Amino acid sequence: MSTQELESQAMPKSLSDLGIETSKKVFWNLQPAELVEHAIKNQEGVLTDTGALMADTGAFTGRSPKDRFIVKDELTRDSIWWGDINIPIEEQKFDQIYSKMLDFIKDKDLYVRDAYAGADQKYRLNIRVINTLAWHNMFCYNMFLRPSKDELENFSNEFTIICAPDFKSDPSEDGTRQENFAIINLSKKILLIGGTAYAGEMKKGIFSVLNFILPHKHSVLSMHCSANVGKNGDSAIFFGLSGTGKTTLSADPNRGLIGDDEHGWNEESIFNFEGGCYAKVIDLTREKEPEIWDAIRFGAIVENTRFLPNTRTVDYTNKEVTENTRTSYPIEHIFNAITPSKAGIPKNIFFLTADAFGVIPPISKLNKSQAMYHFISGYTAKVAGTEVGVVEPKTTFSACFGAAFLPLHPTKYAALFGEKMEKHQVNVWLINTGWTGGPYGVGKRMKLAYTRAMITAALNGELDHVSYRQHSVFGVSIPESCPNVPVDVLSPRATWSDREAYDKKARELGTEFIKNFEKYSDYATEDILAGAPKF
Ligand code: ATP
Ligand code: MN
């Protein structure tokens with residue numbers, strides 16, 4: 001079929017309620033095959049030898065948190081947790097940028113997509129996305145939930161995304177920091193994105209919106225976590241900051257995948273917000289991550305990757321563009337994903353941390369106080385990566401393992417989390433997917449096969465009857481044995497050649513936890529503080 005014929009299929013729907021006009025074409029809800037054709041014709045991307053579409057995101061290869069704004073108005077003035085994460089912008093500036101964007105897209109072809117966020121009908125949000133790039137529209141097809149044909153015909157929009165990477169704001173008059181921005185207007189129900197082509201801004205923008213609506217309006221806990229479910233219906237969730245293993249560890253051949261990044265927890269179930277996964281692909285191998293590897297076929301998009309010379313084979317080791325190379329695909333690309341993406345109350349909760357100091361045990365069990373303390377702390381570490389010379393890893397604390405996406409004060413989410421933990425008998429585990437045998441530079445990253453074995457053991461109840469001992473600083477309970485994991489891997493101290501150096505590092509990390517927690521002193525009860533490190 002020629003592109004001309006595709007164009008004639010454009011449905012006679014209207015964008016006039018949004019004030020959008022264009023002299024060019026509007027393509028409504030194109031299928032992936034059509035979007036791939038458009039993307040290639042528009043020179044937005046190329047095909048890989050597995051049939052995936054490959055595109056570059058331009059100057060931005062990650063989100064730009066410093067350029068993420070929320071409109072400060074009647075609705076948000078007293079409800080938002082304002083600061084470095086939720087940066088206020090005036091209503092009038094939003095209106096100004098909105099009208100500039102409408103003007104900008106007037107002579108552009110537009111790709112429009114209607115989609116849902118939230119697999120639970122009661123809480124789902126109807127989204128209309130307006131893109132200037134075909135591959136972005138396909139990203140939204142992959143990442144949001146896909147309405148049926150009938151549902152599309154009667155679709156009524158609740159929240160609009162307008163994403164025009166080539167539109168740049170003028171910081172001198174628009175109230176932005178730079179030319180790029182993502183602005184959420186919760187009253188007008190619009191998310192504006194310009195100056196960046198990093199597609200993740202769209203999905204994490206809607207995540208932030210749901211993180212406002214669900215706890216604020218419905219007392220549903222929204223969570224930055226992945227989730228899967230066993231054959232007996234026992235579900236598990238995995239909280240963790242970027243790179244700690246949510247996507248990797250939730251893909252488990254023995255458990256149904258619910259979702260890899262964003263979920264809600266209501267009275268009786270957990271549910272995915274999304275319809276797809278967004279996996280890191282740096283150094284991806286089929287051997288270590290077969291489910292993700294096999295998902296990268298027609299329908300998937302790979303971002304910022306490069307080919308092996310003279311081939312169309314993706315070289316996953318190539319870091320030329322960024323370390324944050326990604327793939328997005330509809331969740332059905334994972335063979336054991338379940339639909340609808342819902343399950344009962346979790347039996348096990350995992351907090352994933354990539355501790356670059358080699359201090360946190362690879363697996364430990366938390367009591368209720370420790371669970372609250374670690375949930376509010378949201379610890380992981382960042383490594384400097386490719387920098388030359390001695391590199392010092394840095395601690396990162398991000399409340400609820402996702403502060404960057406939380407419009408409300410973290411204690412709102414923590415309170416809901418605490419209530420749910422109290423009410424249901426949940427096991428909470430802390431997993432270090434980071435370093436062992438010493439800090440970054442000395443030790444090495446925990447073997448993925450061991451982390452998987454530890455999680456499997458916890459899920460199967462194989463750690464219910466082993467003996468535990470307490471960590472000297474963090475007080476968490478470390479199992480003394482675990483199937484398919486060498487005993488000496490379980491005790492981080494035993495993996496260090498210099499035990500005193502370990503003790504010193506553990507106290508240093510404990511001190512950082514305590515310092516970080518000072519900002520919650522108003523909220524911290526004795527019960528929660530009982531979960532703090534002690535030394
Ligand atoms: P984001 O929020 O950015 O999507 P994420 O939590 O989903 O991040 P993953 O995409 O799962 O993070 O990334 C974890 C990365 O770390 C993968 O590239 C994985 O191969 C690698 N890795 C190495 N060792 C381990 C381990 N022991 N456990 C988990 N992941 C590991
Ligand atoms: Mn992920």
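**Note on cavities, domains and local backbone features**

1. In this predicted model, the second largest cavity has a lining of five nonpolar and five polar residues, with no charged residue among them. Its volume is about 30 Å³. The lining consists of Gly358, Ile360, Pro362, Asn432, Trp435, Thr436, Gly437, Met446, Pro492 and Thr495. Two elements give two or more residues to this lining: strand S27 (435–436) and helix H14 (492–495).

2. The cavity count is two when a volume of 30 Å³ or more is required. The largest cavity holds about 40 Å³ of space. Leu221, Ser222, Met223, His224, Phe239, Phe375, Cys400, Leu406 and Tyr413 form its lining. Strand S11 (residues 221–229) gives the most to that lining, namely four residues. By class, seven of the lining residues are nonpolar and two are polar, and none is charged.

3. The contact between them involves 16 residues of domain 1 and 15 residues of domain 2.

4. Helix H12 spans residues 448–459, twelve residues in all. From first C-alpha to last, H12 reaches 16 Å, close to the 16 Å expected at 1.5 Å a residue. Its buried residues are Thr451, Ala453, Met454, Ile455, Ala457, Ala458 and Leu459. Just after H12 comes glycine 461, with a positive phi of about 75°.

5. Alanine 300 sits in the loop that runs between helix H9 (290–295) and strand S17 (301–303). Alanine 300 counts as buried because its relative accessibility is 0%, and the cut-off for buried is under 20%. Leaving out residues up to four places away in sequence, alanine 300 touches Ala52, Leu53, Met138, Asn142, Ala295, Thr327, Ser328, Tyr329 and His333. Cysteine 277 is 23 residues from alanine 300 along the chain, and their C-alpha atoms are separated by 9.8 Å.

6. Aspartate 56 is also a loop residue, placed between strand S3 (53–55) and strand S4 (68–72). Its relative accessible area is 34%, so aspartate 56 is partly exposed. Again leaving out residues up to four places away in sequence, the residues that aspartate 56 touches are Glu44, Trp135, Asn304, Thr305 and Arg306. For threonine 305, the separation from aspartate 56 is 249 residues in sequence and 7.7 Å in space, C-alpha to C-alpha.

7. As background, most residues other than glycine have a negative phi, and most peptide bonds are trans. Aspartate 283 has a positive phi, near 60°, and is not a glycine. Aspartate 283 belongs to the loop between strand S16 (276–280) and H9. With 39% relative accessibility, aspartate 283 counts as partly exposed.

8. Asparagine 310, likewise not a glycine, has a positive phi of about 60°. The loop that holds asparagine 310 lies between strand S18 (306–307) and strand S19 (314–315). Asparagine 310 counts as exposed because its relative accessibility is 84%, and the cut-off for exposed is over 50%.

9. The peptide bond that leads from threonine 339 to proline 340 is cis, and its omega is near -10°. Proline 340 is placed in the loop between strand S20 (326–330) and strand S21 (342–344).

Definitions and conventions: Residues numbered from 1 in each chain as written. Chains lettered and ligands numbered in written order. Predicted model: local features only at pLDDT ≥ 70, side-chain atom pairs only at ≥ 80, totals over all residues. Heavy atoms only, no water. 1 Å grid on protein atoms, 1.4 Å probe; cavity = no way out; pocket = protein on both sides within 12 Å on 5 of 7 lines; lining within 4 Å. Points joined across faces, edges and corners; volume = space filled by probe spheres on them. Nonpolar A, V, L, I, M, F, W, Y, C, P; charged D, E, K, R; others polar. Expected span 1.5 Å × (residues − 1). Buried < 20%, exposed > 50% of the residue type's maximum accessible area, 1.4 Å probe, protein only. Contact = heavy atoms within 4.5 Å.
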